[in-house]
Amino acid sequence: MLYTCPNRPKCHVSRPLNAMPISISDPATLVFQLNGEAVSIPASCSPQTTLLDFLRARGLTGAKEGCAEGECGACTVVMVRDLDGRTVYRPVNSCLMFLPMAAGQEVYTVEALAASGSLHPVQQSMVDHGGSQCGYCTPGFVMSLFAEHYRPGRGDGACDPHSMGGNLCRCTGYRPIRDAALALTAAPPDAFSRRLDAPAPPITAIASAHFSRPATLDDCLAILARDPDARIVSGGTDLGVESNLLGRAFPHLVSVEAIPDLRIFHETAREIEIGAALTLSEIEAAWKTAPAAFTEWLDLFASPLIRNRATLGGNLATASPIGDGAPFLLALDAAVRIAGASGTRTVPLHEFFLDYRKTALARAEILVSIVIPKPVPPIVFYKVAKRRLDDISTIAAAFSITLGAASRVTAARLAYGGVAPVPLRCIQAEDILTGSTWNRRAVQQACAAIAATLRPISDHRGSAEYRLALAQSLLEKFFYECSEAAE
Amino acid sequence: MATTITKPETLFGKRVRRQEDPRLITGTALYLDDLKMPGMHHACVVRSPHAAAKIRGIDTSAARALPGVAAIFTGADVTGLGAVPCAASIPGLRVPHHHLLAQDRVYYVGHPVAVVVGTDRYIARDAAELVEVDYEPTAAVADPEKALAAGAPAVHPEWPDNVAFNFHQEGGDTEEAFRQADVVVRQRITSQRLIPTSIETRGVIAEWRAGERSLTLHSSTQIPHLLRTLVAGILGMPENLLRVITPEVGGGFGSKLNVYAEEALMAYIAMKINKPVKWVESRRENFQATIHGRGHVDYFELAALRDGTILGLKLKLIQDLGAYHQLLTPVIPTLSVLMMPGLYRFKNVNADVVGVFTNCVPTDAYRGAGRPEATHGIERMVDMLAQELKMDPAEIRLKNFVHADEFPYGTATGLTYDSGDYAKPLHKAMAEAGYEQLRREQAAARAEGRLVGIGLSTYGEICALGPSIALPAGGWESATVKVEPSGKVTVLTGASPHGQGEETTFAQIVADELGVPMDDVLVVHGDTAVVQYGIGTFGSRGTAVGGSALYYALQDLKAKMKKFGAMMLGTEQVNFSGGYCVDEATGKSVTFAEMAVAAYHAKKLPANTEPGLVATHFWEPPNFTFPFGAHLVVTEVDRETGAIEIKRYVCVDDIGRIINPLIVDGQVHGGVAQGLGQALWEQAVYDESGQLVSGELTDYALPRASRMPWIESSHTETPSPVNPLGVKGVGEAGTIGCSPAVVNSVVDALSPLGVRHIDMPLTPEKIWKLIEGARA
Ligand SMILES: Cc1cc2nc3c(=O)[nH]c(=O)nc-3n(C[C@H](O)[C@H](O)[C@H](O)COP(=O)(O)OP(=O)(O)OC[C@H]3O[C@@H](n4cnc5c(N)ncnc54)[C@H](O)[C@@H]3O)c2cc1C
Ligand code: FES
Ligand code: FES
């Protein structure tokens, strides 16, 4: 098939963009499997072309653009990935995937499902329950549900409707779609099932002037040191939005997905080390001893689609004041390992955020992993947003209080997002609590300290007054919940 | 010839799967952005970043220099073309000339200033960034009440008071009603601006055939025929040389019931550059430049006797129009006024509407269009009255309902309600929810200090728009039925469904009337070269008006087929049913396909009968239909954060007869979701300077699956006498019934704190402030 690739990034930029082709020495590395067929990414293509645009330019009309910012899921496609040693289908937002990131990978779109002519059980269930009205969102839902349908270990019961949490529908009110999921049973023993018996494709190395995916940390550091224009991309869920909507040009994208050091999950008696390039879904699968609060935190973080790509490294490095990763990890007293030309250093997370969107990462440094000391203390996470799930926080808070004898607080960590230009811990309030008896009075004093030290801003998500009050009332809420639990 | 005939089951009322689904579910349906034409160019619109500014100059030289840029158009190029049309005919309406591109000023963020055309969309977008517009920002006003204040910046300098029109409607004697009243409740109630947000944005492709001098416009629209007439008018081209095709449309909710500048611009540009040109709106553009909905500030006064009898209502309605009138902008608040009496018997209404210009994108019809605002107002006021009189909200409603034996019922605003039994859905909802028990549980919860609320809304709406007298471009609909020589059936409908499932509903009607399998029926819509003139799909009219037109066309067709059957059987006494014509005396029959062949081969014709089997009917409804229903919502509020949890959602909708429960359920659930969106999360926020702060999906909180409560939906069925199908329309019911029930519930939850009213959306922060306020 003749195919002309959109050879420019989708941009609103105030200067003409030179077409920045991938210009690769070894085009063989730019092949991927699309619906069971090998396709090549044209070397003339800009690395900022999205997977979605590529698919649509090929005439695949199933995946659609509804927003280009990861919110609607109309662009959902499925990738074959390894998850904690098992091969799985992972639905992702193709609008946020830079095309070369698909190289060496295996991608399925809705077009693959009814290739035999009859509807796939997932599609049939959607039809039976009236899951489609205008149909624009439908293939996206189908792909999320498809991945859920084949989830290993799911058994033969209903599919979990939450698996479609990253898909927006404006027509149906979701009920028929949920019914469609609940009506499904075991996945058929078909070719899609059999595919999961074989390993997922490895993440291969790519080297070129404008897109690289180094296989080792050293290679990566070398590239960063050599090219001042190089920009790390991990899951791309932040960078993709910057590219699509803010028109940022990235002359050289360096994917950290293939570097083993960034993809580890190690648990020892002393600490848990989480690779910066593990996706949130991968962490969920790997962290078997995670506290319940982690699962709750994860549920509140973006959507399942985003979680399949978003990494903890990206979340911390982007240093959004309302990011959800920082408060949680701050309350766990986490540290980050950073690699640079001169070696590796470990920085406590509360020293990592320097100013608005500014971190301790120097140029050409890489965030390698996040280290959580053990024992992992009890922790709670709260997020207040317009819609609690899948939404940007108005404020996020994570609290960890360790009690000794006679309800004396031996350690207190009160971490917040959305109350200052950086995510932070309220040390003053922590100091008040530490050593005190965990009671109403101590909590009130801590609240007074919170009120005196935090200086949130007002915006359309919430006024400063509301945020400050929430910062306190969430601590009170935590206290009451603790006392209730104790009763 | 068959002699035993088993009559097929009728499909009316059956939960039939949708005919549309196979193409949608496989991703093979073709939406606008899926279409490609040879040599197609791509357009990008340069939009104003300012809410108000003078344009001192536009420099396109850098953009033109970009390789791949084919053409650039600015305001000066289109001065001579017609304006974006407004179909309203309110006396004294001030209509700003709505040029296709800004001339010397911009009036809102997103106002189109120039169009750049390139060989691909990336080039067009890059080049659009290179267009240098020299703006001189001027003062802007984004709030309709502020716009009315003395000394406010003038949106249009020629009308310094920012008033586009005043509209007054009165029925009965309100002054007298208020004199007689024991109690009067007063409240300012807003219905915030909303962004319709169909998941598919707008898009247009225009193709010019120079040889034929004909133009084909593919547009993601709800009104292909009106679009054709109006775009032809803007361009000054003969209407019959313009063809409008709607591809698959990914949702509209009113936002595509319009004629937009971009539609006319692409048509014009395709002619100018002699190339097909495509424009697809980005999500952010969609938020800035596609119509918004609602935007009301209403001041209500409700007069009543101490026993709860409502006497009359006064309303001052301030409508935020935005900077221009789109197709129906000024009409929407007048629809609100019409529905002000709701389901109640009071005969005295006095309403003043002021339409106000603001430096915002125009408002227009969004799901419900005027009726949700009215329902929200009256249903909130009735609750406040109940609170004031310490009456149960159900009791006060039952006391004031129009009685079941009073239909057709003439209202204070001049409407005639077709049919109804308003107590029925309310009783049913209360029974299903266990109202008495809920109240007991509420009392117990309150004793524990919990904030639990029970809210009702009993709504009425005006649907099946509508008699032609009420709609600027006519309120009828058309249908053609063709039986092909092979016996397959093709329906051409003037309606333009885009998610409502009418390909299925209509096929059900055809199958029942003609006795053919549903799968033999093809429903064609949305191509002006194929389908006779039609009005389109909006205002819950598709089935009630379009389906009725189809029903009548089918009767004509059946009569003709019967003539062929009678001729073939050689008797006058024939019965046409179940796909056969049967000789009543002998039981002999001819099949549908045999009659079709006879009609086309025409070897022999019945007396005074032409060959062929085609019937067309244009149906003018004698009245609107008035669906109604009751929604009951139980909520609990978190004292610490102000978060709201919906614990029960029970709705009983009476939408007349139901053709397909699968489709109706979908409309109800979808409608409720949008009502919840308004009640709890959604709001288009413009800041003081007129910047759209909620300008992307991250900031505009659409309902997500995880936030939808379990909806317990059921129906009562009061057929409408207005049309032969007895249907009323369901597209908007859920949206209209929902928001007041939710707000009433939350106000009820907070009433122990002295709360009487809260404006939407009920954000946790707002609720939290009320709780804090009560503490202080
Ligand atoms: C729809 C949507 C919803 C979202 N919801 C949430 C939410 O609820 N909560 C929340 O916190 N966030 C949310 N986000 C933001 C985003 O998903 C997260 O911040 C995510 O964790 C980023 O990870 P990533 O791997 O995709 O980052 P990327 O986009 O790949 O990178 C982000 C930044 O970090 C840098 N970077 C990445 N990895 C490294 C590394 N190893 N070393 C140094 N620098 C690095 C990149 O150069 C880039 O500047 C949402 C985003 C979207 C699109
Ligand atoms: S297009 Fe909306 S999430 Fe990708
Ligand atoms: S069916 Fe229209 S958006 Fe989901």
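**Figure 1. Strands β10 and β15 of chain A pair in the antiparallel sense.** In this predicted model, strand β10 (residues 271-275) and strand β15 (residues 366-373) of chain A are joined over 5 bridges. Strands are DSSP runs of E with at least two residues, helices are DSSP runs of H or I with at least four residues, and both are numbered from the N terminus. Two strands count as paired if DSSP finds at least two bridges between them. Within this pair, E271(A) stands opposite P373(A) in β15(A). The two strands belong to an open sheet of 5 strands with antiparallel pairing, in the order β9-β10-β15-β11-β12 (chain A). Its edge strands, each pairing on one side only, are β9 (265-267) and β12 (343-348) of chain A.

Residues are numbered from 1 along each chain as its sequence is written, and chains are lettered from A and ligands numbered from 1 in the order in which they are written. Because the model is predicted, local features need pLDDT of at least 70 and side-chain atom pairs count only at pLDDT 80 or more, while totals for chains, interfaces and linings use all residues.

**Figure 2. S400(A) lies in strand β17 of chain A.** This strand covers residues 395-403. S400(A) counts as buried because it has 24 C-beta neighbours inside 10 Å. A residue is buried if 20 or more other C-beta atoms lie within 10 Å of its own, exposed if 12 or fewer, and partly exposed in between, with C-beta atoms placed from the backbone. Leaving aside residues up to four places away in sequence, S400(A) touches A331(A), L332(A), P377(A), P378(A), I379(A) and R413(A). Such a contact requires that the C-beta atoms of two residues, placed from the backbone, lie within 7 Å.

**Figure 3. Chain A and chain B meet in a contact of 68 residues from chain A and 65 residues from chain B.** On the side of chain A that touches chain B, α2 (121-128), α3 (138-149), α4 (175-182) and α15 (464-486) each supply at least two residues. The largest share, 5 residues, comes from α15(A). By class, this side of chain A has 33 nonpolar, 19 polar and 16 charged residues. Here Ala, Val, Leu, Ile, Met, Phe, Trp, Tyr, Cys and Pro count as nonpolar, Asp, Glu, Lys and Arg as charged, and the others, Gly among them, as polar.

**Figure 4. D84(A) and R213(B) have positive phi values.** Most residues other than glycine have a negative phi, and most peptide bonds are trans. Phi of D84(A) is near 50°, and this residue is placed in the loop between β3 (76-83) and β4 (86-93) of chain A. D84(A) is partly exposed, because 14 other C-beta atoms lie within 10 Å. For R213(B), phi is about 55°; the residue is found in the loop between β9 (203-209) and β10 (214-219) of chain B. R213(B) counts as exposed, because it has 11 C-beta neighbours inside 10 Å.

Figure 5. P408(B) is in the loop between α12 (393-400) and β16 (409-410) of chain B. P761(B) lies in the loop between α19 (733-750) and α20 (764-775) of chain B.
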